[in-house]
Amino acid sequence: MDFALTDEHRMVQHMVKGFAQKEVTPIIKEYDRKQAMAPFVLPRMGELGILGICLPVRYGGQGMDYIALGLACEELEAVDSTLRVVMSVHVGLNSLALLQWGTEEQKEQFLVPQSRGEKIACFGLTEPGAGSDVAAMDSTARLSGDKYIINGEKMWISLATMADHALIVARTNPDAPDPHDGLSAFMVELDQPGVSCGDIHGKLGVRAGSTGWLSFQDVEIPRQNLIGEEGEGFKIAMSCLDNGRYTVAAGATGLIRASLEASIKYAGERRAFGREIGKFQLVQQKIAHMVKSYEAAQLLYLRAGWMKNQGVRNTRETSLAKWFATDASFDAASEAIQIHGAYGYSDEYDVERYLRNAKGAILYEGTSEIHQLMQAGFALGYRDDVPLRCELPAFNVDAWRNE
Amino acid sequence: MKIIVCVKQVPDTAAKVVVENGQVTWGDAPLVINPWDEYAVETALLQQEAHGGDVTVISVGGEEAKEALKHALAMGCGNAIQVSEPALANADSLVTSQVLAAAIQKIGDVDMVFFGRQAIDGDVGVTAAQTARVLGWPAYTLVSAISELDPGNGSIRVERSVEEGRQVVEGKLPSVVSVVKDIGEPRYPSFMGIRKASRAEIPIWSVADLGTEVSDPVVTWPEITNPPKQEVLTEIVSGDSSQEIAETLAGKILEEKVL
């Protein structure tokens, strides 16, 4: 067993941290207040290769492994959650699904420009009336000749107004005995006639990011945009979540670290009753809890990343990492505010933004309640992972780096 | 053009550097490439991109120096050399300069050598000038812009940021240049560079390989102490009007003999 990161991993951390701290830290408060995404963020992340970090070079990516993806997410969310959200939807939920399920033609058409950051990708599963209950979705896809006709609405979609491509799930067979088996997945180019989109404002957190809705009205897409086979949509969506949740877990770990670092700094500066507040045991207790959460969350996501590298199914481990890290990030941010006192309650300090951002990740990509049901299901033997027709490819350094 | 960049691995700027038992320590804080040296690497790469040739990065140090070298490789430098020798553990800047100059001479046919303005650990800031002196080359220190460079003609024109303003200096190659922040923001390592750097086998040269020996340092540090702790008292000045607050504040400033 080797807990050490490689030189390559450390250089990735340093590089992504440099970008986030130098370019985003100075402007994040302004854009969070404006509830707008800084316009340079997506092009810059594309230009630096971050949007294709763990995709093979032959598909336009940078040839790094899944651990590097996690480390990048940790560094990005240590500055702001919106940066990591980009990775969750563009890489985790969409590009990795193409790597896992896509045909060579689909990879050429969609994955290559996404890995290069030339096209931005999002993921459409949630609907106004269907969240955790995925099979209750209303969106439909009807085959007509060599085209599918898509109708429906997707809600709470990160990058909805920024994306060029969406991986969506819609019902192709309303008569399937099990409604899960009636769903299929598609890649949709969002400049098609009949597609409309908008941003949602007034969110509690992730305000410097783009969260919106997508509407499809008789949108015609080529038959070859079907991802996987008809009826595989639910399985594909769940496999996407195995990757998206991994990025959320790693990001939430970064948020815990940010809360911890802010708390340590403030506890060393602020004085009360004649000494720095870090000397008080109740403040120390809060810091100690953050240290515990950070290190445990990091070990959990790195284990999941290692399993992805090995090509081992990691639904349970990724779910555990996501549940633990997101809940812990909310607690850490809340305690960071407590340490900062009244100052923490204002946006003069970052910790109030950490708390607002942390809450979102407890809801999306599986609420904490869903993850508890999953963990209990695995433990009690009620749930087991059935092998998929297409598994996420194991990281293979030679294959990943061949031109 | 054959270009050399000299870099150093130092504690991260966020590290808390203290003296314990007469020794400087930064605990388990991470080590990084000296931030000023990133500007030097950037400048070297820009000259290579404009005029062709290759960039070699050199660092004097133990195993930890490899990380600074790999960072420079990931930014785009073509080659790296580590100069390592246990006897250099207590080297002062002059000894370091002699070793660097010997390495530069061993490489041979070098046109330019770049340094950051200083290393953030020792903050001595004279290694570039001393290396130039040992080599017998001109030193252009605190350079904020290279306005003209003609490798064919062997000429260079730089702007120096000095306390009084900017100074334009013209001279000949080969030369040693130390750069300041205004020279331009360093690029991030690219992922392709990271992949290359992680695979790189960095040659290690001993002082014997350089055909020289380690001289005794001229400067030693017989005693290092922490700065005295400063007790800071904070007092909020209040009053019914800004006039009253300002008068109270002015009174306190005069009372404390700040002015």
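Let's start with a helix pair in chain A. In H7(A), Val248(A), Ala252(A), Leu255(A), Ala258(A), Ser259(A) and Ala262(A) meet a set of residues in H10(A). On the H10(A) side those are Val351(A), Tyr354(A), Asn357(A), Ala358(A) and Ala361(A). By type, this contact has 9 nonpolar residues, 2 polar and no charged. Keep in mind throughout that this is a predicted model.

How do these two helices pack? H7(A) covers residues 233-269, and H10(A) covers residues 351-363. Their axes are 11 Å apart, at an angle of about 160 degrees. Angles over 145 degrees count as roughly antiparallel, and H7(A) and H10(A) are therefore roughly antiparallel to each other. The crossing of H7(A) past H10(A) is left-handed.

Now over to chain B. Here we have an open sheet of 9 strands with mixed pairing. The order is S11-S10-S9-S12-S8-S1-S6-S7-S13. Which strands sit at the edges? They are S11 (165-172) and S13 (204-205) of chain B, each pairing on one side only.

S13(B) pairs with S7(B), residues 79-83, in the parallel sense, over 2 bridges. Gln82(B) stands opposite Ile204(B) there.

Next, S12(B), residues 175-179. Buried or exposed? 5 of its 5 residues are buried, so S12(B) is largely enclosed by the rest of the structure. Both faces are covered. Ser175(B), Val177(B) and Val179(B) are on one side. Val176(B) and Ser178(B) are on the other.

What pairs with S12(B)? S8(B) runs parallel to S12(B), joined by 5 bridges. In that pairing, Gly116(B) stands opposite Val179(B). S9(B) also pairs with S12(B) in the parallel sense, over 3 bridges. There, Tyr140(B) has Val177(B) as its bridge partner.

H1(B), residues 35-51, lies across S1, S6, S8, S9 and S12 of chain B. H1(B) runs at about 150 degrees to S8(B). H3(B), residues 93-107, packs on the sheet too, touching S1, S6, S7, S8 and S13 of chain B. The direction of H3(B) makes about 150 degrees with that of S6(B).

Last item: where the chains meet. How many residues does each chain give? Chain B gives 11 residues and chain A gives 15 residues. On the chain B side, H2 (65-75) and H5 (191-199) each supply at least two residues. H5(B) has the largest share, with 5 residues. The chain B side divides into 6 nonpolar, 3 polar and 2 charged residues.

Methods: Residues numbered from 1 in each chain as written. Chains lettered and ligands numbered in written order. Predicted model: local features only at pLDDT ≥ 70, side-chain atom pairs only at ≥ 80, totals over all residues. Contact = placed C-beta atoms within 7 Å. Helix = DSSP H or I, 4+ residues; strand = E, 2+ residues; numbered from the N terminus. Nonpolar A, V, L, I, M, F, W, Y, C, P; charged D, E, K, R; others polar. Pairing = 2+ DSSP bridges. Axes fitted to C-alpha atoms, helices over the stretch in contact; angles between N-to-C directions. Parallel < 35°, antiparallel > 145°, perpendicular 65-115°, else oblique. Left-handed = near helix turned anticlockwise from the far one by under 90°. Buried ≥ 20, exposed ≤ 12 C-beta atoms within 10 Å, placed from the backbone.
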